[in-house]
Amino acid sequence: MSNTINPGADAGGLVTTFIAAANNNNNGTARNGGGGATAASGGGGGGSGGSWYEALSRAWGQTLDAQASRITELSGSIGGGGDQPSNMVALTAESLRMQFVSNSAATSQNSVGEALNALARK
């Protein structure tokens with residue numbers, strides 16, 4: 001397991017995971033005009049079943065899931081008798097990274113949501 005945030009595409013770092021998840025979740029919606037809402041409901045229309053905001057949300061979710069898997073893996077190794085100090089420190093570091101990513105996800109979601117709200121009012 002690598003301890004860097006983005007060790008490269010082969011190692012599956014958090015940044016790489018987020019970008020890959022955003023690209024996979026996009027499904028062309030940003031290129032097609034976004035807007036998960038239909039024209040009848042007052043939304044922008046277009047897109048193929050979801051907005052870029054939904055793709056962003058799914059990407060954050062998948063990134064958080066990947067980080068949670070790392071934490072679960074380390075917890076399992078500690079619970080299985082590998083309770084060396086180095087493993088405990090690694091678990092603490094991964095838990096703090098999870099906190100950082102979770103806070104970043106919440107902040108970006110709130111910021112984008114407020115911006116979309118402001119645009120909708122204009």
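Select Trp52, Leu116 and Leu119. In this predicted model, these residues make a nonpolar patch on the surface. Together they have about 300 Å² of accessible area.

Leu119 sits in helix α3, residues 85-121. Its relative accessibility is 59%. Exposed means over 50%, so Leu119 counts as exposed.

Trp52 is partly exposed, at 40% relative accessible area. Tyr53 is partly exposed too, at 25%.

Next, look for charges. Side chains of opposite charge can pair when their charged atoms come close. How many salt bridges are there? The count comes to 2.

For one of them, select Glu54 and Arg58. Their closest N and O atoms are 3.6 Å apart. Both residues lie in helix α2, residues 52-79. They are 4 residues apart, about one turn of the helix. Glu54 is partly exposed, at 31% relative accessibility. Arg58 is partly exposed, at 36%.

Then move to helix α3 and select Arg97 and Glu94. Their side chains meet in a salt bridge, 3.4 Å from N to O. Here the spacing is 3 residues, about one turn of the helix. Are Arg97 and Glu94 buried or exposed? Buried means under 20% relative accessible area. Arg97 has 13%, so Arg97 is buried. Glu94 has 1%, so Glu94 is buried.

Technical notes
Residues are numbered from 1 along each chain as its sequence is written. This is a predicted model: local features need pLDDT of at least 70, side-chain atom pairs count only at pLDDT 80 or more; totals for chains, interfaces and linings use all residues. Side-chain values use heavy atoms; hydrogens and water are left out. Patches are made of residues with over 30% relative accessible area and no salt bridge: like charges are joined within 9 Å, nonpolar side chains (Val, Leu, Ile, Met, Phe, Trp, Tyr) within 5 Å. Accessible areas come from the Shrake-Rupley method with a 1.4 Å probe; for residues, only the protein chains shown count as cover. A salt bridge is a side-chain nitrogen of Lys or Arg within 4 Å of a carboxyl oxygen of Asp or Glu. Helices (H or I, at least four residues) and strands (E, at least two) are DSSP runs, numbered from the N terminus. Buried means under 20% relative accessible area, exposed over 50%, partly exposed in between (1.4 Å probe, protein chains only).
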